Amino acid sequence: MKKLFILALILVMTVMGTASASKSKFKDPNYSFGNIMNIYLAECVYTPKTNQPHDLQEDSNPTGRALNSLRTAMAKKSKNLIVPPDEPTRARLDLHLVVHTLATYTYWKEPWDEETYENKKITEKGRDGKERTITIPVKRIIHHPGQWITDAYAEVEFTLKDRSNGKTVYNCIDTRSRQDSGYDGMLNRICNDFVSDLK
């Protein structure tokens, strides 16, 4: 079953391209996010999804890596992440940060041939003796040798709760994958998008 899931995952990524992303989000329309400058880190945990393949090479410190990326993203927007043991007195929101996936998967792709067409210009003389140029499609076969391919995966969940009443005012699960040897770029974009959304 696990091999079937991985094969299906490879086929989907081959058909759809080398990158994919999905996001589910709730944002309280009545809450004023624009003036939020300080956020308190109430929780930062790694909770892998139970349905992900076991062959993934998981990051050795996913929460630390996500936290570093988030701090950088917040600093760019002049926002401050307050981390324990610092007191949350300046913050109105608690952040619950959950990393679900931060991993890579490497597999072998067999050699394959790709059939393509490219335009070729041909110059010829007409019956009237004048030269003219025409463009015709020419079929080409490109042989791709077998190769090891690495796909990177990142899924992070952000939940913001109002410290005064514990009400959830924001929740976002950002899931991304791409053909890449690492996930740092995706993780940085996930964190940047989260911080940019707080307006």
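By contact I mean heavy atoms within 4.5 Å. The model is a predicted one, in which local features need pLDDT of at least 70, side-chain atom pairs count only at pLDDT 80 or more, and totals for chains, interfaces and linings use all residues. Residues are numbered from 1 along each chain as its sequence is written, and side-chain values use heavy atoms, with hydrogens and water left out.

Let me start with Leu 160. Leaving aside residues up to four places away in sequence, Leu 160 touches, among others, Phe 33, Ile 39, Leu 95, Tyr 170 and Phe 194.

Which residues touch the most other members of the largest nonpolar core? They are Leu 70, Leu 95, Phe 158 and Leu 160, out of 33 residues. Such a core is a set of buried Ala, Val, Leu, Ile, Met, Phe, Trp, Tyr and Cys residues joined through side-chain atoms within 4.5 Å; buried means under 20% relative accessible area, with a 1.4 Å probe and protein chains only. The elements giving two or more residues to this core include strand S5 (93–109), strand S8 (147–162) and helix H3 (184–196). H3 provides the largest share, 6 residues. A second, separate core of 6 residues includes Leu 56, Ala 103, Tyr 105 and Tyr 107.

Conventions: Buried means under 20% relative accessible area, exposed over 50%, partly exposed in between (1.4 Å probe, protein chains only). Helices (H or I, at least four residues) and strands (E, at least two) are DSSP runs, numbered from the N terminus.
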